Amino acid sequence: MVYLDSGATTKVDPEVIKAMMPYFTEKYGNASSTHQKGQEAKRTLNDARQIIAKSIGAKDEEIIFTSGGTEANNFVLKGIAFANKDKGNRANHGFALPREQGSLGHIITTKIEHDCVLNSCKWLETQGFKVTYLDVDESGFVKPEDLENAITPETLLVSIIHGNNEIGTIQNLKELSAVCKKYNVYFHTDACQSYTKTKLNVKKQNLDLVTLNSHKIHGPRGVGALYIRKGTNITPLLHGGGQEFGLRSGTDNVAGVVGFAKAVQLANQKHVEYMTRLRDKLIEGVLKIPDTRLNGPTNDKRLCNNVNVSFKYVEGEAIGGYLDAEEINTSTGSACSSPKLEPSHVLLAIGLKPEQAHGSLRLTISRFTTEQEINRVLDVLPKVIAKLRKMSPLVKFIKKI
Ligand SMILES: Cc1ncc(COP(=O)(O)O)c(C=O)c1O
């Protein structure tokens, strides 16, 4: 089986499983318990917190563990919106706001976010918040001037994805956060896909909130973290026993967090270089197929594990099905939206026509992908495309014209 869907999730590294095991069998204490087993769990939790914090230049107490990226993104959007509603941005606190009647506040995001951000924003609109969804250019980049033009005295939060899950675009966070700082607006980035694959430092990039998750980097599924800059005004989503500094109640997932921290420790620059080489080989080979286009940017502005291509006259779903029959796992978009059979909102946002978006395929590699696997895909894929094009009524129709 060739697994090229690491953007959806990754194989858990055997070393991660080994590190987690004792926390199921012997060290199963609740980190909130005061006895020895509990205190041992608490120390372990805090060691893991330190590893995650250090990896992005944060302080330990600025890291909150969550059940994953979806929860962390929901927490940011709803937690910041409700904590700061009616206040406008911090540059305007204390002033009368010339805010639109009926709006509790304004949030800015983009048209290429993960569904958990977009759907949280849509829900916030039903609650009385106003949301601007920024356009992106043909490679998926947000223009800083567009962001600046969208900021109003009502703007509470800007949330922009770091590495795009579908087309691999890596935004220039420093440039975007500088705009937010100018107007004293909170800046959040969803770094689920980019974490450990490109530079991420909350001080150097001036970030207020950052979403991380474990299962894209060979850690366990169901674990994530949120960086919250000290002093940020945010209200919790989950109320209960007051774990995670009162910001995220619920018994801590110690085994999961241990696995997450181990995955972070195992990730390194050599893996990034290795994946980049395989990615570029894959792109070069796939683009030899006629009538094929690469979606998203090239080189270091693209995630090292992402390839997204559109093939004229064929459906991505059909390509995926044929590849699956050849034991090659791929996807047509983000895992969450692929069963919808709707054209990807990200591909439409970079200007593809719906028929081009329908003919797209995402191939996402990991450090466990081998060169032989890439060779096999480059052998099978052109044959699959040729076969599908032979059957395609679209090709016949276009030829007739
Ligand atoms: C960019 C991005 N954000 C958020 C998520 C959701 O993360 P999780 O699966 O941990 O809830 C994903 C992955 O599915 C993602 O790719």
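This is a predicted model: local features need pLDDT of at least 70, side-chain atom pairs count only at pLDDT 80 or more; totals for chains, interfaces and linings use all residues.
Are Glu-71 and Arg-248 buried or exposed? Both are buried. First, the overall fold.

The protein chain holds 14 helices and 12 strands. Its radius of gyration is 22 Å, close to the 21 Å that the globule rule gives for 401 residues, so the chain is as compact as a globular protein of that length. Along the principal axes, the C-alpha atoms fill a box of roughly 70 × 60 × 35 Å. Of the 401 residues, 55% count as buried. Contacts reach across the sequence too. Among those with a separation of 6 or more, 75% involve residues 24 or more positions apart.

Now the surface and the charges. The chain exposes about 17,700 Å², and carbon and sulfur atoms supply 52% of that area. There are 52 positive and 43 negative side chains. The centres of the two sets lie 2 Å apart. Side chains of opposite charge can pair when their charged atoms come close. A search of the whole structure finds 12 salt bridges.

Take Arg-49. This residue forms a salt bridge with Glu-244, and the closest N and O atoms are 2.8 Å apart. Arg-49 sits in helix α3, residues 36–55. Glu-244 sits in the loop between β8 (224–228) and α8 (254–266). The two are 195 residues apart, so this pair links distant parts of the chain. Arg-49 is buried, and so is Glu-244.

Back to Glu-71 and Arg-248. They form a salt bridge whose closest N and O atoms are 2.7 Å apart. Glu-71 lies in helix α4 (residues 69–84) and Arg-248 in the loop between β8 and α8, so the pair ties together parts that are 177 residues apart in sequence.

Glu-148 pairs with Lys-182, with the closest N and O atoms 2.6 Å apart. Glu-148 lies in helix α6 (residues 144–150) and Lys-182 in helix α7 (residues 173–182), so parts 34 residues apart in sequence are tied together. Lys-182 is exposed, at 58%.

Finally, a network. Salt bridges that share partners join Lys-181, Asp-208 and Arg-229 into one network.

Key:
Residues are numbered from 1 along each chain as its sequence is written. Side-chain values use heavy atoms; hydrogens and water are left out. Helices (H or I, at least four residues) and strands (E, at least two) are DSSP runs, numbered from the N terminus. The radius of gyration is taken over C-alpha atoms; the globule rule is 2.2 Å times the number of residues to the power 0.38. Buried means under 20% relative accessible area, exposed over 50%, partly exposed in between (1.4 Å probe, protein chains only). Contact means heavy atoms within 4.5 Å. Accessible areas come from the Shrake-Rupley method with a 1.4 Å probe; for residues, only the protein chains shown count as cover. Lys and Arg count as positive and Asp and Glu as negative; His and the chain ends are not counted. The place of a charge is taken as NZ of Lys, CZ of Arg, CG of Asp or CD of Glu. A salt bridge is a side-chain nitrogen of Lys or Arg within 4 Å of a carboxyl oxygen of Asp or Glu.
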